[in-house]
Amino acid sequence: MKHHHRSATSSPHPSVPEIGVVEPQRRFSSGYVNGVRPPHHLNNSQTKFCNPWPSFRFQALSLWVDFTARNIFSHTVPPDNVKSLIPIQTPTWGVGSGNESKAKATWLGHACYLVEYPTPAGASRGPRIIFDPVLSEHCAPIPVSGLKRFTDAPCSMDELPPVDLIVLSHNHYDHTDLPTLRSITSNPATSPHVFVALNNGAHISKALEIPRARVHELDWWDERAVRIMLPAAGSNTNTNTSDATESASASRTEKEVEAQLRVTCTPSQHVSGRGPFDRWGTLWAAWAIEELLPPAASSDSGASQPPSQSQSTQTSSGTSFAASSVWSTVGKKLFFAGDTGYRTVHNGEDEDKVPVCPAFAEVGERFGGMDAALLPIGAYGPRAMWSNLHASPSDAIRIMNDVKAKKGLAMHWGTWVLTTEPVMEPPALLRKECLKAGVNDDEFLVPGLGETVFF
Ligand SMILES: [Zn+2]
Ligand SMILES: [Zn+2]
């Protein structure tokens, strides 16, 4: 028995946000309609999955042989000056920039972004999510020299600010790093909940030694509403006179301000596995995170909905949070594509003539567009080998357009050599492809390491 772990129900640290999670009324059908198994489930026990679209085809075995041989004999080597080619800065997380009404996204290398939603009136900060946090040197279970970082992480694990949610795309080592995750979940100033796709929950809960109830395992198109009680601004209640809404929520302590997010698991075209025997065994996913806004925010009273006596759900965190008090107005919308392919392009095929993954256009339709999308642009070479699992810059632009994102932010490059393309090629190719596709430079950004972008 372990006794040293903090219960999510009691906050030992006054600034630890209290988090409640509920399953709201379902908006999207995920597949188990009338008991029929969804096409991405290969069995009834949810332990084997697949990419159920013609956009996914397997690579020829000969490509695997070639790729393995090439990796052994001529591993792609970053240029000596690579650290000066990719800008790096100590993250400011956008603090003090005067952009409190905007969402902030800070790139921490590879597929890791720390996103802070707008600061609610009276709060000291907005709700924070970290995606696929990996700050270790190696993206492997053992320190293989070929999988060592060629750029520095812009901050150490200890320098991360408190985060409320951790969202993981899948269990590959370049996306799910137990030392980084443990560092975040064991920080006394944080008590984050973790969102994973099907069949990842037990492993994460056990490996991080956190209660299973703090790990939320979703299937594609499942969603959860999350209520986060944020620390109030300052130590005294010196809110602006125009923000008189705080006094109304007297039922909660004056020191906390409520924020809500809706987290939806959406499909991606990929694979999973941490060892040789668990390929396809846990689900992979992209995620849509919507900010929810309180009703009648402009009114001079009633910042919160009246406490609902009925339907009060005992949530997984043990915090009482009624499904009926989920706010319905949507604010900022963000799409995190995780690790994904868009189409399969075999040697000799025209990439514009092969089927594409339909999931992203579906996301665009169902959510009515996104304010920003975090999109992978690297690990695509050779194209015939990786197209079914990894997006190239041209794929990333198509995904951005499919999800109807106003802004694309690049990721999944500049950190580890995973494939054969030159390490500085992804951003250069992205600029070329953007030009071809009529996308402006300021619509698809390539942030530097540690840089914060506002949206
Ligand atoms: Zn992967
Ligand atoms: Zn990856």
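This is a predicted model: local features need pLDDT of at least 70, side-chain atom pairs count only at pLDDT 80 or more; totals for chains, interfaces and linings use all residues.
Author: Let us start with a term that we shall need for the strands: two strands are said to pair if DSSP finds at least two bridges between them.

Reader: OK, and which residue is the bridge partner of cysteine 265 in β10?
Author: The partner of cysteine 265 there is tryptophan 287.

Reader: What does β10 join on to besides that, and how do they run?
Author: Six bridges link β10 to β11 (residues 329-336), and these two run antiparallel. Within that pairing, leucine 293 stands opposite threonine 329 in β11.

Reader: Let me zoom out. How many helices and strands are there in the protein?
Author: The protein has eight helices and 15 strands. Of its 455 residues, 46% count as buried, and of the contacts with a separation of 6 or more, 74% are between residues 24 or more positions apart.

Reader: What is the order of the strands in the open sheet?
Author: The open sheet has eight strands in the order β1-β8-β9-β10-β11-β12-β13-β14, and its pairing is mixed. The edges are taken by β1 (18-22) and β14 (444-445), each of which has a single partner strand, so one side of each is left without a neighbour in the sheet.

Reader: How many bridges join β1 to β8?
Author: There are five bridges between β1 and β8 (residues 223-231), and the two strands run antiparallel. Isoleucine 19 stands opposite isoleucine 228 in β8.

Reader: Where do the parallel pairs come in, then?
Author: They involve β12: three bridges join β11 to β12 in parallel, and four bridges join β12 to β13, again in parallel. Leucine 334 stands opposite alanine 372 in β12, while leucine 375 has alanine 410 in β13 as its bridge partner.

Reader: Is β12 enclosed or in the open?
Author: Five of the five residues of β12 are buried, so the strand is largely enclosed by the rest of the structure. Both of its faces are covered, with Ala372, Leu374 and Pro376 buried on one side and Ala373 and Leu375 buried on the other.

Reader: Switching to helices: is α7 mostly covered or open?
Author: Helix α7 (residues 393-402) is mostly covered, as nine of its ten residues are buried, including Ile397, Ile399 and Met400. Among the elements that cover these buried residues are α5 (359-367), β12, α8 (425-437) and β14. After α7 comes lysine 404, whose phi is positive, near 60 degrees.

Reader: What about α1, how many of its residues are buried?
Author: Of the 13 residues of α1, the number buried is zero, so this helix lies largely in the open. Its length also agrees with expectation, because at 1.5 Å a residue the helix (residues 61-73) should span 18 Å, and its end C-alpha atoms are 19 Å apart.

Notes
Residues are numbered from 1 along each chain as its sequence is written. Chains are lettered from A and ligands numbered from 1 in the order in which they are written. A residue is buried if 20 or more other C-beta atoms lie within 10 Å of its own, exposed if 12 or fewer, and partly exposed in between; C-beta atoms are placed from the backbone. Two residues are in contact if their C-beta atoms, placed from the backbone, lie within 7 Å. The expected span of a helix is 1.5 Å times one less than its number of residues.
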